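This report is meant to be read beside the model, with the sequence at hand. It moves from the overall fold to individual side chains.

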Amino acid sequence: MLSSDVILIIFFLAQTGIGLLGNCTLFMMYVSVIISQPHRKKSTDLILTHLTMANMVTLLTQAAPGMVMAFGLKTLVDNIGCQIVLYMRRVARGLSICTTCLLSVFQAITISPSTSLWARLKSRAPKCILPSFLFFWILNMLVDMNFLKSVVVPSNVTIILHGYYRKSCSSSLRVIFFNEVAFMSAMTMRDLIFMILMSWASGYMVLVLYQHRKQVEHIHSTSLSPKSSAETRATQTILLLVTCFVCFYCINSGIVLLNYTDEKDLILYDVATFLGACYAFLCPLVLISSDPRVPRPQCGHYSLPPYPG
């Protein structure tokens with residue numbers, strides 16, 4: 001096995017293992033808080049629960065199969081299995097886009113000043129979360145429905161890469177994108193609309209934070225309320241998530257387009273597969289580092305008992 005393949009395997013193992021562990025930890029914490037500890041619940045917990053679920057599906061359907069390919073193993077699923085895996089991967093990717101967009105828009109409404117036009121939506125926004133989830137699922141399941149009928153596992157095609165034989169149901173995806181104009185247009189419009197909304201909400205949050213910072217410059221730091229400080233930290237975390245998502249989305253989309261120009265070049269496919277799951281891998285790390293409710297290991301310090309007398 002070549003050193004490049006060993007490195008690729010290590011990256012896929014770390015991405016899948018750490019990503020699943022982080023997302024599972026967050027998912028269980030959010031569910032526990034929502035069900036049994038409502039006093040610790042935050043307004044964005046339900047959205048983050050949905051996002052971590054989409055991340056776990058992404059890692060299981062994208063990073064894990066990529067790791068199998070890195071080992072040089074043959075595809076272990078038949079035509080129907082390949083269709084289901086790719087369909088779940090695309091739906092999870094779409095849910096990730098939609099949920100991240102909802103998270104940014106919801107936070108933008110939450111931190112909007114009372115004089116803003118968006119202030120009147122603050123009381124209505126939490127009631128729209130569950131209907132938004134239902135809309136996202138229906139939208140993405142319909143948009144990506146074409147994967148269930150268009151993907152075929154190449155049964156007699158073997159591609160040589162770095163001396164290893166690999167099989168993948170991904171090689172037939174090129175036919176979908178170049179021949180199904182309506183399918184490609186629907187996917188592009190979905191991504192474009194949610195990316196625009198996400199970018200607008202992020203820009204608005206940056207503007208609100210900048211105006212808030214200018215206001216508190218004239219006030220003593222001790223007068224800043226804990227609630228305002230917590231909202232600022234939450235907004236900064238969401239901005240970081242959106243930035244990571246947009247960066248990985250743009251880079252991955254460019255590599256995917258390059259990959260479709262050469263069906264036999266699986267090097268780009270490996271890179272695109274890894275980058276496609278990077279957001280699902282980094283998202284829980286960002287959330288865990290910024291959420292004090294996540295349990296952390298405590299280092300015990302031994303101290304000598306006080307000297308008597």
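**Overall fold**

The structure is a predicted model, and its protein chain has 10 helices and two strands. Read from the N terminus on, the elements follow the order α-α-α-α-α-β-β-α-α-α-α-α. Of the 309 residues of the protein chain, 43% count as buried, while the chain exposes about 17,100 Å², of which carbon and sulfur atoms supply 70%. Among the contacts in the protein chain with a separation of 6 or more, 81% are accounted for by residues 24 or more positions apart.

**Annotated segments**

An unreviewed UniProt entry places the feature "transmembrane region" at residues 6-35, 47-71, 91-109, 129-148, 192-210, 237-260 and 266-288. Two of these stretches can be set against the model: residues 6-35 are 100% helix and 0% strand, with the end C-alpha atoms 43 Å apart, whereas residues 129-148 are 85% helix and 0% strand, with the end C-alpha atoms 28 Å apart.

**Nonpolar cores**

The largest nonpolar core has 54 residues, and the members that touch the most others are Ile47, Phe136, Leu241, Phe245, Tyr279 and Leu287. Two or more residues are given to this core by several elements, including helix H1 (3-36), helix H2 (45-70), helix H4 (129-143) and helix H9 (266-276), and H3 gives the most, with 12 residues. A second, separate core of five residues includes Leu20, Leu59, Ala277 and Ala280.

Leu241 shows how one such member is placed: leaving aside its neighbours within four places in sequence, Leu241 is in contact with Leu103, Tyr279, Cys283, Val286 and Leu287. The length of H10 agrees with expectation, because its 13 residues should span 18 Å at 1.5 Å a residue and its end C-alpha atoms are 19 Å apart.

| Residue | Relative accessibility | Residues touched |
|---|---|---|
| Val242 | 5% | Thr100, Ser104, Met198, Ser202 |
| Thr235 | 0% | Gln107, Ile111, Met205, Leu209 |

Val242 and Met195 are 47 residues apart in sequence, and their C-alpha atoms are 9.6 Å apart in space.

**Aromatic pairs**

A search of the whole structure finds seven aromatic pairs. One of them is formed by Trp200 and Tyr204, which are stacked at 5.9 Å centre to centre with 15 degrees between the planes. These two residues are four apart in helix H7 (residues 181-216), so about one helical turn separates them. Trp200 is partly exposed, with a relative accessible area of 37%, whereas Tyr204 is buried, with a relative accessible area of 15%.

Phe245 and Tyr249 have ring centres 6.1 Å apart and planes at 15 degrees, and the pair counts as stacked because that angle is under 30 degrees. Phe245 and Tyr249 are likewise separated by about one helical turn, being four residues apart in helix H8 (residues 226-260). Both Phe245 and Tyr249 are buried, and Phe245 is also among the residues of the largest nonpolar core that touch the most other members.

Elsewhere in the chain, ring pairs link Phe11, Phe12 and Phe274 into a cluster.

Definitions and conventions
Residues numbered from 1 in each chain as written. Predicted model: local features only at pLDDT ≥ 70, side-chain atom pairs only at ≥ 80, totals over all residues. Heavy atoms only, no water. Phe/Tyr/Trp six-rings, centres within 6.5 Å; stacked < 30°, edge-to-face > 60°. Buried < 20%, exposed > 50% of the residue type's maximum accessible area, 1.4 Å probe, protein only. UniProt positions renumbered as here; feature names shortened; annotations may be inferred. Core = buried A, V, L, I, M, F, W, Y, C linked by side-chain atoms within 4.5 Å. Contact = heavy atoms within 4.5 Å. Expected span 1.5 Å × (residues − 1). Areas by Shrake-Rupley, 256 points an atom, 1.4 Å probe, with all protein chains shown as cover.
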